[in-house]
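The tour below goes from one selection to the next.

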Amino acid sequence: MFTENQIQSFNKNGYLVVDNFINANQRKLLIDRASYLIEMFQPPSKRTIFTTDEQERASDDYFLGSGDQIRFFFEEKAIDQDGSLTVPIQIAINKIGHAQHILDPVYKKVVDELKLPKLVKQLGMQKPRALQSMHIFKQPGIGGEVGLHQDSTFLYTEPMSCIGFWFALEQANRENGCLQAITGGHKIPLKKRFRLSSDGGTEFDILDHEPWPEKPLDMFEVEAGTLIVLHGQLPHYSAANSSSKSRQAFALHFVDRNCHYPEDNWLHSNYK
Ligand code: FE2
């Protein structure tokens, strides 16, 4: 359970860093399972690239239908102009998402062991729903930047309720693209909302026109095993990985079932 100090710190800063949360065995299970799933994966002819850059964010059927599936998204730099891989597939994947915590027995076992619902309840959520999981690779040399964003932009409820659990499966530092965030920035209004548009694509609603505060981001250099809990409105970022070491992470995001989940949210799942 979180201590009172940890809960206060989360409420004040918008995040919480907990060392040694996910053990070496659990990390190995997830890393090995991801590798196995990639080995079994038959890439579709059109490969979907993942980026949070708003112009390019994947919004094809493969991405939009991934809410209750296990799907594979490529690094932009892993695919050349002809659509061919520039690197072996094991180091070409940007992430696997978004329902392995429900569909895959290994992910499900590890997630169950971590007993997250009781923790997320301590942070004020009434009826936690584990909505979205992601295995994030940040591949050596080609792992792309993830621009400054708030998770509630993509996992939106009314009122907002998103809380993310981010687990370092490997060491994360400034060289391989660790998380960075604006401490206390969860008090900034939600800047935009990503949603389905009426023409079948996706779009952003701009909710707040103020620019981000001009303040250096705090850098979370953490050891493998660390948990970082992220408030859904906390602005966070990660740089490209220019190093030779991957920076694998597993992330699981919760929303509150007591909040309204709009029909035009991008992510839909049969697993309620
Ligand atoms: Fe995020």
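Select C259: is it buried or exposed? C259 is buried, because its relative accessibility is 14%; buried means under 20% relative accessible area, exposed over 50% and partly exposed in between, with a 1.4 Å probe and protein chains only. This is a predicted model, in which local features need pLDDT of at least 70, side-chain atom pairs count only at pLDDT 80 or more, and totals for chains, interfaces and linings use all residues. Residues are numbered from 1 along each chain as its sequence is written, and side-chain values use heavy atoms, with hydrogens and water left out.

**Cysteines**

Over the whole structure the search finds 0 disulfides, a disulfide being a pair of cysteine sulfur atoms within 2.5 Å.

**Iron site**

Next, select the iron ion with H149, D151 and H236. These residues coordinate the iron through NE2 of H149, OD of D151 and NE2 of H236, at 2.2 Å. Donors are N, O and S atoms within 2.8 Å of the metal (3.2 Å for Na, K and Ca); water is not among the atoms, so sites may look incomplete. In the sequence panel, the donor residues follow the spacing H-x1-D-x84-H. H149 counts as buried at 13% relative accessibility, and D151 is buried at 8%.

**Second largest pocket**

Now select H101, I102, R129, A130 and F254. Among the 15 residues that line the second largest pocket, these lie nearest its centre. On a 1 Å grid over the protein atoms alone, a pocket is an open set of points with protein on both sides within 12 Å along at least five of seven lines, whereas a cavity is a set of points where a 1.4 Å probe fits but cannot get out; lining residues have an atom within 4 Å of a point. The elements that give two or more residues to this lining are α4 (100-103), α5 (105-114), α6 (116-122), β4 (128-136) and β13 (249-256). Helices (H or I, at least four residues) and strands (E, at least two) are DSSP runs, numbered from the N terminus. The lining divides into 9 nonpolar, 1 polar and 5 charged residues. Here Ala, Val, Leu, Ile, Met, Phe, Trp, Tyr, Cys and Pro count as nonpolar, Asp, Glu, Lys and Arg as charged, and the others, Gly among them, as polar.

**Salt bridges**

Stay on α5 and select K109 and E113. K109 forms a salt bridge with E113, with the closest N and O atoms 2.6 Å apart; a salt bridge is a side-chain nitrogen of Lys or Arg within 4 Å of a carboxyl oxygen of Asp or Glu. Both residues lie in helix α5, 4 residues apart, about one turn of the helix. K109 is partly exposed at 44% relative accessible area, and E113 is partly exposed at 34%.

Move to K191 and D208, whose side chains meet in a salt bridge at 2.6 Å, N to O. K191 lies in the loop between β7 (179-181) and β8 (192-196) and D208 in the loop between β9 (202-206) and β10 (218-219), so the pair ties together parts 17 residues apart in sequence. Both K191 and D208 are buried.

Finish with R195 and D205, a salt bridge with its closest N and O atoms 2.7 Å apart. This pair links strand β8, which holds R195, to strand β9, which holds D205.
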